[in-house]
Each structure stands twice: as C-alpha cells, then as structure tokens.
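Reader: Got a model to go through. Can you take me over it, one piece at a time?
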Amino acid sequence: MTPVRGIASALFFFLAVSAASAADPIKLRVASVSVPPSMHTLYMQVAHEEGIYRRNGLLVDGIIQLTSGPLVTQALTANQVDVADTDAEGVLNAAAAGFPLLAVSAPAQHLSYLIMVQPEIKSLRDLAGKPFAISRPGALSQYLMFPALDREGIARTAVSWIPIGGPSERRLALVNDRVKGALLHLDYALVAQRDSKVVALDRVARTNPDYPHEVLVVRKELVAKQPEVVVAVTRAIIEACRFMVTNRARTIEIYKKYTGETDTALANAAYDALLAMHGYGVNGGMTRQGLEVVARLAAESGAKSIPVEAWADLRFQEEALRQIGRVAE
C-alpha cells in the first residue's frame with residue numbers, strides 16, 4: 001500500500017467510526033469458546049451481565065456457548081455469529097485456509113495454561129513414552145508443549161499424544177489417571193488438584209511469554225461494512241477486563257453462575273493467580289510481537305505461513321484505547 005492510499009484508508013476508517021457514535025444500537029451475536037468458561041475467559045459473560053455491551057451501543061441477547069475453536073470458526077464463517085473469542089492459532093489457520101476472519105484484540109493476553117501431571121512425573125523427561133492428553137493432533141493443547149520440550153532437548157515425538165477432547169475432558173482423563181499429563185487452564189488445573197493427587201509441573205508462559213491465551217475475532221464482512229461496531233465490541237471487552245480486575249466479588253459471582261462451581265476458595269485462588277500474571281487485556285492485550293510468536297510457532301508446527309495482516313488488525317484496539325484511554329496494568 002502506498003503512503004497516500006494508507007493515509008486515505010486510515011482516514012476513512014476513523015471517519016466511519018466517528019460518524020457512527022450517534023447510531024442506533026446494533027444487534028450483535030456473540031459466542032464464547034469455553035464450556036464452561038474459565039476464569040480467564042469470562043469477559044464475554046461479564047460484558048453481558050454488567051450491561052457493558054449495551055453501554056457501548058450493542059444489543060447482545062446472550063452468549064452462545066461453543067465447545068471448541070473449530071466450532072467457533074465454523075459459526076463465524078457460516079454467519080451464525082458475529083464475534084467470538086478463540087485461540088490465535090485457530091484464527092491464523094482459518095485465515096490461511098481462506099476463511100474471512102480477523103483478530104482485533106487479546107482480552108486473555110497471557111497464557112495461563114499449566115502442565116499438570118501425575119505425582120510420579122517429576123520432570124518433562126519423565127513424560128517420554130507416557131500418554132499426554134490433547135484435544136486433537138496439532139491443537140494448541142499439543143503444540144504449546146513443544147517449546148518446553150525443545151528447551152529440555154526432548155523430541156516432540158517422544159511423548160505419546162492422546163486425543164481426548166476439550167479442557168473438561170482432558171481434566172477428567174488426568175484426574176482418573178487415564179493419562180499422565182495434560183495442559184489445563186488455570187482454574188481447571190486447580191479443580192484437578194483439588195479432586196486428585198495431580199501436581200503442576202510447569203507454566204507454559206515461561207517458554208511463551210508473549211503468546212496470547214485467547215483473541216477476540218470477528219468476520220471481515222463486519223470489518224468492511226461496520227467498522228464502528230468492531231471498535232464498539234473491542235472497547236466493550238476491554239471495559240469488561242477492567243471491570244474484572246477491580247471487582248473481585250462480582251466477577252467470582254458471575255464465574256460461579258456460568259460454571260456451576262461452588263468452591264469459593266478455588267475461585268479466589270484462580271482470580272488471584274490471574275491478577276498476579278496480568279492475565280486480562282485491560283489495554284486490549286494484542287501486540288505485534290505476540291502475533292509474530294503465534295505465526296512462528298504455527299509455522300513450526302506445519303501451518304501455512306501468511307502475513308500477520310492477513311489475520312489480525314491492531315487498528316480497532318488502538319481506536320478503542322484512543323476513546324477510553326489506557327490504564328496501568
């Protein structure tokens with residue numbers, strides 16, 4: 001793109017966003033990838049429960065609960081939902097396959113996965129030849145393990161990867177000793193520890209500090225036709241993240257409602273751990289550096305290499321922050 005065309009494009013984008021400020025509320029279909037949601041990915045539900053979507057000019061009747069990243073991709077591309085959260089690698093692969101999706105922020109800005117194992121597993125080397133639960137071959141629950149294995153000089157094929165399903169299924173497989181290890185969301189890991197003798201071996205964020213846990217993704221058609229709506233939902237989710245970090249009791253109440261969890265101590269432990277790691281994208285969370293890490297790891301795992309601009313756009317996050325300002329993290 002030439003400098004003149006780039007300036008013209010940016011000018012059109014911001015004029016479109018500004019002109020829409022007085023528009024009527026827009027109905028938006030929102031989906032969430034985790035069933036039940038983890039404490040880390042609760043922002044979609046918080047925005048709904050606290051009227052944050054409505055305050056940003058959006059009409060959201062409820063949150064559509066989807067069980068996996070591929071289902072999110074299917075729902076978006078089939079025009080069944082307008083916006084969802086999912087893993088960044090899923091958005092990249094979808095875009096590389098020709099699906100018109102775009103990541104616009106990273107509300108879960110750092111990985112909160114823990115490598116959970118049976119107590120006899122004392123190191124990553126002990127996982128060699130042992131069954132390790134993943135959702136499916138090539139999924140995030142598998143390839144986020146690769147940098148940790150590489151760091152220890154362990155062949156990626158040394159571990160016996162067992163396709164199990166989503167996070168709840170992986171947790172149950174580990175708790176019931178059907179596998180010796182699994183990559184689990186923080187609160188799923190805490191539940192597993194409470195219900196069995198499994199232990200935390202490591203945090204994947206140690207080897208992937210810039211990799212976002214989840215990104216906010218929209219259809220490119222929405223970007224082209226209603227960029228102001230994309231800014232509004234990006235802004236709403238940023239505000240939901242800010243609400244969560246400043247409203248412990250209400251966040252935990254919403255968490256219990258959507259998960260059915262009754263263990264207040266566990267919910268507080270998950271909340272404290274996420275605050276300590278700055279897990280919520282109170283300033284949007286998406287960075288160029290993080291996106292490039294996603295692209296590099298995906299390529300190493302056999303994904304098609306495409307430019308970051310083909311599957312992510314920082315302008316909507318930047319415009320939302322221009323409107324509401326940044327906060328200390």
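Reader: Thr-86, buried or exposed?

Author: Buried, because its relative accessibility is 3%. Buried means under 20% relative accessible area, exposed over 50%, partly exposed in between, with a 1.4 Å probe and protein chains only.

Reader: Where do these values come from?

Author: This is a predicted model; local features need pLDDT of at least 70, side-chain atom pairs count only at pLDDT 80 or more, and totals for chains, interfaces and linings use all residues. Residues are numbered from 1 along each chain as its sequence is written, and side-chain values use heavy atoms, leaving out hydrogens and water.

Reader: Which strand holds Thr-86?

Author: Thr-86 lies in β5, residues 83-86. Strands (E, at least two residues) and helices (H or I, at least four) are DSSP runs numbered from the N terminus.

Reader: What does Thr-86 touch?

Author: Leaving aside residues up to four places away in sequence, its contacts include Val-33, Gly-69, Val-72 and Glu-214. Contact means heavy atoms within 4.5 Å.

Reader: New topic. What is the strand order in the open sheet of five strands?

Author: β9-β8-β10-β7-β11, with mixed pairing. Strands pair if DSSP finds at least two bridges between them.

Reader: Which strands stand at the edges?

Author: β9 (160-163) and β11 (199-203). Each has a single partner strand, so one side of each has no neighbour in the sheet.

Reader: How do β8 and β9 run, parallel or antiparallel?

Author: Parallel, with four bridges joining β8 (residues 131-134) to β9. Ile-134 stands opposite Pro-163 in β9.
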